[in-house]
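I opened a new notebook page for this one. Here is the model I was looking at.

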Amino acid sequence: MKLLEYEAKEIFARSGIPTPQGGVVRVPEEVEKWLNLPGDRVVLKAQVEVGGRGKAGGVVITEKSEAVLKARDLFSKTIKGIAIREVLVEEFLPIQKEFYLAITVDRSSKGALLLFAESGGADIEDLAERDPRAVRRTLLSPLVPEVPQFMLRYLTGKAPKEVGQVIQALYRVFREKDAILAEINPLASTARGMVAADAKLIVDDNALKRQGIAVNRDLSMRERVAEENGFSYVDLAGTIGVIGNGAGLTMATLDLIEYYKGSAANFLDVGGGAGEERVKLAVQLVAENPSVNVIVVNLLGGITRCDEVARGIISAGVSQRVIVRLAGTNEEEGRRLLAERGYEMLGNMDEVVRAALEVKG
Ligand code: GDP
Ligand code: MN
């Protein structure tokens, strides 16, 4: 789960990483409370969980006299389609130089990947593409509790020594918070030393409980309900709702939709042995996505009984067309029940997917 900048900064600050002074506001007038920050200017920063806010107009540097007005402006905007509910008000930092620092998970070596560049800031992606060697990297085994000095020296190069302490502290945060990404861009060199002008922290979804995070904010309402009920559920961008049992069959159904140039709106894996109630809930959840104009149910009856599945589909009673492929235990009974209620049950998944693609929405 992605933390917001101000949440990440609080954590960084507690680990000894210098951060700018300031605080978060939820209405423009509250900005007044922060006008006693040092300097004539303040920075207003939209708290949305997307990168590139600066370029999207989400970071505003303003004279204090205009700060409330500018905050009103900012609150009325959306950044990459996301509404702004919170704005971080911070002292304006006179930045001498911007560095880039990140620690992420390297999947192939199963370790931490440390990245540092002597020219950071909003254009770091361009730099990484143009001159990959400008971003120094080093891999660290997760068993090593702190970054060895020789690695710090290699990473920081000619940058001030102090950067090493920031890297060390960020690595501690990375480990303690079960992060999959901890990033400071820019790490700003100022007259009073290094300051984390921006902060990004993504906690591994599988570690949320251990981190005391009760709700995964990155999940949609539907994804949350699905998770609570033990379904694997994902929202996508297309129009076909997909229900399968088992990751293999569900993925194969998605692949087939893709093969015929269709696109799924979502998919849900009901898992093994789903009875009427679970199937009903699954169909209703998938149907709830407003982009779904037809639902493909592709289930293999083993411990899952086809008659139970049929009852679940019928009692879900959703408005979209539901096209079904059921094979296995009690298949005939399932077919009979569905036919009685006018549901289509086709012979194989190829037919089901092609039938779904004919449905116009
Ligand atoms: P991002 O675009 O979402 O990564 O947001 P950042 O917090 O990184 O802000 C974007 C850019 O605004 C930074 O790269 C800085 O160059 C600039 N910026 C943000 N805060 C300050 C500040 O206090 N002083 C100065 N001089 N520049 C700032
Ligand atoms: Mn940034």
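How do the residues of the shell around ligand 1 divide into nonpolar, polar and charged? I got seven nonpolar, four polar and five charged. For the sorting, Ala, Val, Leu, Ile, Met, Phe, Trp, Tyr, Cys and Pro count as nonpolar, Asp, Glu, Lys and Arg as charged, and the others, Gly among them, as polar.

Ground rules, before I forget. This is a predicted model, where local features need pLDDT of at least 70 and side-chain atom pairs pLDDT 80 or more, while totals for chains, interfaces and linings use all residues. Residues are numbered from 1 along each chain as its sequence is written, chains are lettered from A and ligands numbered from 1 in the order in which they are written, and side-chain values use heavy atoms, with hydrogens and water left out.

Next I looked up who comes nearest. Of the 16 residues around ligand 1, these are Lys-45, Arg-53, Gly-54, Leu-93 and Glu-98 (a residue is near if one of its heavy atoms lies within 4 Å).

Then I checked oxygen atoms of ligand 1 for polar contacts (pairs of N or O atoms within 3.5 Å). A polar side-chain atom of Arg-53 is 2.8 Å from one such oxygen. For Gly-54, a backbone N or O atom lies 2.7 Å from a ligand oxygen. Asn-185 has a polar backbone atom at 3.2 Å from an oxygen of ligand 1. The protein covers 82% of the 560 Å² of accessible area that ligand 1 has on its own (Shrake-Rupley method, 1.4 Å probe).

Why does ligand 1 lie between domain 1 (21-91) and domain 2 (97-207)? Because both give residues to its shell. The bounds come from an automatic or database domain assignment, which also gives domain 3 (221-356). I noted 45 Å between the centres of domain 1 and domain 3, taken over C-alpha atoms.

Last, the backbone. A cis peptide bond joins Asn-185 and Pro-186, with omega about 5°. Pro-186 lies in strand S10 (strands are DSSP runs of E, at least two residues, numbered from the N terminus). S10 (179-190) and strand S2 (41-46) each supply at least two residues of the ligand 1 shell.

Key: Polar contact = N/O pair within 3.5 Å; in protein donor to acceptor, adjacent residues only side chain to side chain. Helix = DSSP H or I, 4+ residues; strand = E, 2+ residues; numbered from the N terminus.
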